[in-house]
Amino acid sequence: MADPLARKSIVVFFISMSLVMTLALGVYASNRFLTHWLLVRGLEQTFLPHEKTIDTILTALADERRSPVPQAVSGLRLSARPASEPQLASETLTEIKALFQHKSGISDILDAAVIFPAQTTNTARSETGLQQIPWTRDRSLLSPDTLTRAVATLDLNSLAAVPDMTWDGRFGHNAVIAYRPETGDTAMPDLLLLTRQSGQLSSLSPLILTISAAIGGLCLTSFLFAGILLWMRFHDQVTTNQDIQFLAHHDALTGLPNRAVFNARLTEALRLAQAKASNIGVMLIDVDKFKEVNDTHGHGTGDVFLQIVSERLKAVFDTHLVSRLSGDEFAVLLTSVSDPARMTKLAANMNAATKIPCIIDGKEIKISLSIGIARATDGSWRASRLLHCADLALYRAKHSGRSTFSWYTPELDADAQKRKEVEAGLVKAIRFDQFKLLYQPQYSLRDGRLKGYEALIRWDHPTKGTIKPDIFIPIAEDTGLIEEIGTWVLNNACQEAALWEDKTRRVAVNVSPAQFIAGETQKRVAAALRNSGLDPRRLEIEVTENLLISNTDAVIGTLREIHEMGVSIAMDDFGTGYSSLSYLSLFPFDKIKIDKTFIQNLGKDASTDAIVTSIVGLGRSLDVTITAEGVETEEQAFLLSAAGCDLVQGYMFGKPDSVASHEANFPAFRLNTSGGLWFPQERTRNTPQAPNEDLQRPASSAT
């Protein structure tokens with residue numbers, strides 16, 4: 001960009017100089033032409049009052065040439081001279097000078113000459129006579145062409161005043177007045193008067209200067225106006241080029257260097273580190289849940305939020321290069337600080353800086369950053385490799401609870417390779433239909449009836465066997481494959497449930513935030529019901545609190561449309577979020593599922609027992625069904641029944657399996673008429689139950 005700009009600057013300079021020169025020449029030329037015109041008019045006006053007297057003198061000269069005998073004409077006495085000589089007799093010259101004499105006694109006429117027609121023709125003047133006039137030779141005239149121009153002008157006008165001016169505009173002291181009487185006498189000579197023009201120039205100087213100044217002022221004003229316009233255009237172009245240069249190397253929102261600048265600086269830093277045998281480090285920083293900030297508070301607030309994050313990054317990493325690589329991803333190049341302890345301290349300081357409240361438009365928004373750190377320890381490192389390692393560390397930090405930092409270790413390469421294999425396998429699994437559904441039963445604590453099933457996805461890998469969802473679902477969410485997998489689970493769960501022998505059994509399908517699309521999910525649910533023919537009252541959609549956080553209004557609108565179809569909506573993992581109660585007031589859920597983390601400590605921790613009892617009581621007051629997940633012991637089932645819980649599911653009542661297997665084993669326990677409860681009052685099972693590994697997350701986005 002610099003070379004074209006320099007060339008344009010040179011062109012503009014030469015154009016400006018040309019305009020200045022043109023302006024100067026224009027003013028000078030106008031001055032000369034104006035002076036010339038005024039001199040001509042002034043000399044002619046000086047001559048015209050004496051025209052008749054001059055005619056008389058020239059008539060006498062013509063008569064003298066025809067009759068050489070001297071004679072008197074109007075008081076003038078002319079002496080006979082050879083016809084070829086242009087000089088006048090002294091008496092005639094004196095008489096002519098007297099006509100143009102001032103009161104001071106000084107005459108404007110310095111000399112006079114006549115040119116008679118040639119003897120061979122009556123129309124041509126004698127060139128010999130013109131050459132004999134000594135005015136040019138004695139330097140009375142500055143330009144040698146003055147006489148010639150004067151005589152030539154007589155062919156057009158009878159009176160011609162020709163100022164003595166050279167081609168470059170310099171004026172001499174004298175001028176020539178040429179006169180040819182209009183008498184019709186072909187023998188009449190031409191009169192040439194050598195007159196002073198310096199006096200005329202002096203008298204005209206103030207007027208000429210005034211007019212020239214006005215012309216110059218107008219020209220200068222025009223030039224300045226054109227120059228201002230040119231400068232404004234050039235300035236705008238320079239400013240635009242500077243803006244383009246800045247935007248080409250910086251982020252428009254935060255003003256930080258962009259990815260191209262960071263990569264170039266990183267490559268150069270690695271080269272210098274190799275030459276100096278030193279180390280450098282890179283931090284990749286990702287803003288956790290930035291999409292939720294945009295969806296919840298708007299993109300304008302999101303932009304301000306990113307600007308605040310960038311300011312805090314610059315404050316912590318003051319002497320280091322901070323760059324914005326993408327929407328919510330930043331990078332830091334550490335060259336002066338390369339030992340692990342100081343880099344770790346910087347990362348910790350950055351996380352500490354996020355604890356400072358961030359308030360935008362009166363709303364406090366929590367800043368959470370995940371940081372991945374990688375360090376180049378020898379000259380074999382390349383920029384792409386270092387960034388890749390930092391990205392692997394960032395991935396670990398994000399899946400370690402967020403708002404933390406993680407160092408790169410070689411083991412992360414193996415994990416990344418496994419993720420790539422799983423990702424590639426998922427694509428094939430979708431293409432070749434390698435998924436299957438298992439079902440976990442849900443029992444009623446009131447009467448021991450089997451109410452329904454929760455659909456759980458499994459991957460039947462052709463070589464690795466059955467793969468649990470906690471392995472491939474997170475990768476599917478990261479890669480965007482979860483939408484297609486979730487749609488598969490929904491469609492197949494509805495189709496299989498429609499074929500069950502008992503038409504009272506319900507089927508629950510979990511929809512994760514990653515696969516939920518406001519405005520589209522209800523269409524997929526409607527299509528699944530329509531294609532399968534399943535009664536909508538037998539379908540239950542389970543969502544988590546995280547889904548409502550992302551885009552509350554749009555999500556609630558979509559859930560309402562699904563609910564209007566007759567489909568039940570359940571809030572899964574209730575109690576694990578920080579706004580579960582507030583969302584219950586925004587949407588009338590049909591069911592609340594108590595998270596298994598509470599059930600595991602049930603009967604062991606008084607606070608947990610109180611929480612579970614409160615949730616059950618809340619469900620009763622809201623007329624909402626309460627389901628407990630992860631029930632593995634009779635004691636847990638007894639406590640839940642005593643608290644008034646409606647439904648239970650877990651390993652105690654059945655592991656994920658086929659519907660046919662569960663139906664064959666129903667009922668899970670014999671009725672106990674003595675205690676009034678359907679499950680045993682005493683623990684008859686002495687064998688420990690295996691941990692509930694399959695209840696990570698249900699259907700499509702979980703288990």
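So, strands β7 and β9: β7 covers residues 280–287, and the two pair in the antiparallel sense over six bridges. Pairing here requires that DSSP finds at least two bridges between two strands. Strands themselves are DSSP runs of E, at least two residues, while helices are runs of H or I, at least four residues, and both are numbered from the N terminus.

Before I go on, a word on the model. It is predicted, so to speak of local features we need pLDDT of at least 70, side-chain atom pairs count only at pLDDT 80 or more, and totals for chains, interfaces and linings use all residues. Residues are numbered from 1 along each chain as its sequence is written, and side-chain values use heavy atoms, with hydrogens and water left out.

β8 and β9 form a hairpin, with four residues between them.

Is β9, residues 329–334, mostly covered or open? Mostly covered: six of its six residues are buried, meaning under 20% relative accessible area, with exposed being over 50% and partly exposed in between (1.4 Å probe, protein chains only). E329, A331 and L333 lie on one face, F330, V332 and L334 on the other, and both faces are covered.

Zooming out, friends: the protein has 22 helices and 22 strands, and of its 703 residues, 45% count as buried.
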